[in-house]
Each structure stands twice: as C-alpha cells, then as structure tokens.
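Welcome, and thank you for stopping by. Please take a moment to look over the sequence and the model before reading on.

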Amino acid sequence: MQKQISGFSKLTKEEKIEWLTNPFTNKKEGVKTLKKYWNTNKKLQELHDGFIENTISNFYFPYAIAPNFFINGKNYTIPMVIEESSVVAAASLVAKFWSTRGGFKTTVIGTTKIGQVHFMFAGSFSDLKNYFNAIKFELFIVTESITKNMRKRGGGILDIKLRNKTIDLKNYYQLHVTFETKDSMGANFINSCLEAIANKFKKEDINIIMSILSNYVPDCLVRAEVSCKVEDLYKENAKHYAQNFVNALNIANAEPHRAVTHNKGIMNGIDSVVIATGNDFRAVEAGVHAYASRTGKYKSLSNAKIKDGVFSFWLEIPLALGTVGGLTKLHPLAKLSLEILDHPTAKELMQIVVCVGLAQNFAALRALTTTGIQEGHMKMHLSNIIKQLDVNKKEAQHLLNFFKNKTVSYSEVITEFERNR
Ligand code: MEV
C-alpha cells in the first residue's frame, strides 16, 4: 500500500513512478509496463502528458474505422475508439446492410444549449422579478467581450430567464440561460458567460451558489432513421422477425431493466465516435440517459414500427458536440478523425454520431431476436482467447473449427488446446 504524500504533482514523471512502484512485489515489471507505453516521440508524449495531471503512461484503446455508412446521400467512413469486441464489426455490417436500402436519413431538431446560475433569495418574488427585468439588458452587456467571436459565427446568448424553483427547494431560483455555440461544444464559453452574468447579478440579498452549464440538452437534438420494406429486412420469415424486432423495442419501452441494456448498446456506437473525435463522452452519456427518462420513466431511446408493409426504425438523442476547440484541436488522432469524416460541422457530426448509435442498436436487436447475441460475441471472444495463448497457425485454426458450433468458454478453449497439443 502507498503512503500519503504531499507535493506529488511537483515530482518528475520518473519520481512519480518510483514512488508508485516502490511497494510492488515486482517493481521492475511494473516500471517496465508503464514505460513500454511511453511514446518514443518525445514531443507527442509531452502533448499527452499535458492533457491531465500526474500522467505516468498512456492507456491504449483500439482506434478502428467502420466504412460504408451512407448518410443523407453521402458516404462516410467512421472512426471509432472502443475496446469491446464486435462493436465495430457490427457497425460495419449494418452500415453495408442499410447502404443498399436507402441509407440513413437524419434531421437536426435543435442546437441550443443551457447554462444556469443557481442562487438563493429569501425576499419576495415580485421584487426579484423587478430587479431581474431592470438588470437583464446589462447581463447581456457584461458578456459582450466573451461572446464577440461567437456572435460573429452566428452564436451567442439567445435568452436569459429568471426561474422560480421554490416549489422544489426553499428560496431557490435560477437564471436559465440559452446558448447557441455553433461548431464548438461550448463548455468553457458557457461557463465564462455564466460567471460574468452571476458577477453582475449578485447583490447583498442574492446568494449565488454556482454557475455552470447543464449537460442535459434536450433542445440540442438529432434524429436518425432507416426504413425498408419488411420483406427486404430478413432472408426468411421476414414478417415474423420484423414483428419481433418491434416487440423488442416495445419491451425496452415497457421495462427499464431492458431499456438500460438496450440503450447501453446504442451508446457503444455513440461513445466510440464521440471519443474518436475528441468529444466529452461523459457529458453525452449523462445527457442521453436523462433524456431517456424525460417522461418520468426510463425508456428506450430508439423506436420502431411497421406500417403498410414498411419497417421504420429511428433514434432521437440530445448530443452536444464540437468540431472546433478543446481536444479536437489538440489530439492528433481526434484531428485526423475529423478529417476522415470530411471536416464536419458540429451539426453534421451530430448526424453522423446518431447513425452509429442506430446502427449498433439495429445490430444488437437483429441478433438478439434471431440467432441470439452470443454467436457473434463468442466468435470474437474465441479469437481473443486464442490471441492470449501461445498457439501456432495450425493450432489456432483447429480451435476455430472445433468451436464453430460449440459454446465458447475460457476453460473449454484451454482444455481443447491442451488436448490437441
Ligand atoms: C452489449 O455491449 C450491448 C447489448 O447488450 C445491447 C442490447 O442488449 O441491446 C448487446
């Protein structure tokens, strides 16, 4: 166990590793593993070291691409960062499938974001309202230097509202501010504006508690849809399987336990592109799940229907993304991802990301309601186990053949590997 330490951040990287690995039973091995992942390009390593404090190594995730996404009549190859086997394979397979059925159609429903100044006030609401109305114009004025560039790009502060929240909490009010941040995610911009607003708004009887953007962005909303004739959906028994696909959606809408897993599958696709493009996946996750609960019950983010022999499947999610600023500029691979996507605007990126979520959900539901999910998963699982073993090509092929129609488990693979040696 490590001891408590002061001034840790001031130590050099080597000193930090020394301190960390001292109590290890195999210190040499620990140091070796950490250093193995250092980038030999010193400048690049320094760039990554600078993203966060106390960096001692890098943690690699695979960076993959899923081709053949046909979105609004344009082809995209999509960069994805994810560790879960089968996610990229599923996305690629589904992208190809829908590319021959009209592709994905998307709509951006809204792009506005929210920030709030939370404060306590014990006086009368009508006095507060009068004060707010009198000072409202000045609240815009104090942010002018911050919003200047954003206004040039067509964004800025759209509105500031006083909200009475005393029903939820005694003496609690807020300034509810609506923003348009164009191609930037806008977190820093929003927070700077809010702090300037709060500073102007505060007075003796107004106790400012905090000023912060909200990651709940139900008006920064995007929708993707695919549709085709039911008979084009499956090779056999199309009517039956299409109906079961819709039934699976209905179950996710009726049952939160299932909805969470259903939506997790959607997020497999969403997060992987959000990460690859240097966006904040925690913000997206928080906002998306809040949106899934907007009716008071946690439900599916996607929906499906069959009408007049046509199957439609769609997904609507809030997505606050940026294609300028933040990590998108700093991380060379995030920059490259945006190049792979043909330099999208934030609005275009929203449309791309939602399609990958829909594709992932389609892959999961199609597998779950037909062959089951394990068939595909197990193939990847088997190849991962094989990679961990010290096998030659012939032995690997034997294992692949042996487990073709059998359930894969780590111990079964080891047993067969040793039996066949
Ligand atoms: C696994 O990462 C995702 C799934 O569980 C999604 C789902 O059940 O819909 C397969």
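How many salt bridges does the structure hold? The structure holds 14 salt bridges. Keep in mind that this is a predicted model. Some of these pairs come up again below, after a short tour of the whole chain.

**The overall picture**

The secondary structure of the protein chain amounts to 16 helices and 10 strands. Along the principal axes, its C-alpha atoms fill a box of roughly 85 × 70 × 40 Å. The protein chain has 421 residues, and 44% of them count as buried.

The domain assignment divides the chain into domain 1 (8–49), domain 2 (79–107 + 220–372), domain 3 (113–214) and domain 4 (376–420). Taken over C-alpha atoms, the centres of domain 1 and domain 3 are separated by 44 Å.

Lys 152 and His 377 are 225 residues apart in sequence, and their C-alpha atoms are 49 Å apart in space. Lys 152 belongs to helix H6, which covers residues 144–152, and this lysine is exposed, at 63% relative accessibility. For Val 260 and Leu 221, the separation is 39 residues in sequence and 20 Å in space, again C-alpha to C-alpha. Val 260 sits in helix H9 (residues 256–276) and counts as partly exposed at 43% relative accessibility.

**Salt bridges, pair by pair**

| Salt bridge | N to O distance |
|---|---|
| Lys 13 and Asp 49 | 2.9 Å |
| Lys 264 and Glu 84 | 2.8 Å |
| Arg 419 and Glu 416 | 2.7 Å |

Lys 13 forms a salt bridge with Asp 49. This pair links distant parts of the chain, with Lys 13 in helix H1 (residues 13–21) and Asp 49 in helix H3 (residues 42–51), 36 residues apart. Lys 13 is buried, with a relative accessible area of 18%.

The side chains of Lys 264 and Glu 84 also meet in a salt bridge. Because Lys 264 lies in helix H9 and Glu 84 in the loop between E2 and helix H4 (87–99), the pair ties together parts that are 180 residues apart in sequence. Lys 264 is partly exposed, with a relative accessible area of 40%, and Glu 84 is partly exposed as well, at 25% relative accessibility.

There is also a network of salt bridges, which links Lys 136, Asp 159 and Lys 161.

Which residues of helix H16 (residues 410–419) are buried? They are Val 413, Ile 414, Glu 416 and Phe 417. Seen down the axis of H16, these buried residues fall within an arc of 165°, so they line one face of the helix. On the other side of H16, Thr 415, Glu 418 and Arg 419 are exposed.

Arg 419 is exposed, with a relative accessible area of 57%, whereas Glu 416 counts as buried at 4% relative accessibility.

**A hairpin and two asparagines**

Strand E1 (residues 63–71) pairs with strand E2 (residues 74–81) in the antiparallel sense, over 7 bridges. Within this pairing, Phe 70 has Asn 75 in E2 as its bridge partner. E1 and E2 form a hairpin with 2 residues between them.

Most residues other than glycine have a negative phi. Asn 72, in the turn of the hairpin, has a positive phi of about 50°, and Asn 72 is partly exposed, with a relative accessible area of 40%. Asn 237 likewise has a positive phi of about 50° although it is not a glycine. Asn 237 lies in the loop between strand E8 (221–229) and helix H8 (238–254) and is exposed, with a relative accessible area of 52%.

Which residues make the nonpolar surface patch of about 300 Å²? Ile 65, Leu 333, Leu 336 and Ile 340 make it. Helix H12 (residues 332–340) gives the most to this patch, with 3 residues. Leu 336 is found in helix H12 and is partly exposed, with a relative accessible area of 36%.

Key. Residues numbered from 1 in each chain as written. Predicted model: local features only at pLDDT ≥ 70, side-chain atom pairs only at ≥ 80, totals over all residues. Heavy atoms only, no water. Domains from an automatic or database assignment. Helix = DSSP H or I, 4+ residues; strand = E, 2+ residues; numbered from the N terminus. Buried < 20%, exposed > 50% of the residue type's maximum accessible area, 1.4 Å probe, protein only. Patch = residues over 30% accessible without salt bridge, like charges linked within 9 Å, V, L, I, M, F, W, Y side chains within 5 Å. Areas by Shrake-Rupley, 256 points an atom, 1.4 Å probe, with all protein chains shown as cover. Salt bridge = Lys/Arg side-chain N within 4 Å of Asp/Glu carboxyl O. Arc of directions from axis to C-beta. Pairing = 2+ DSSP bridges.
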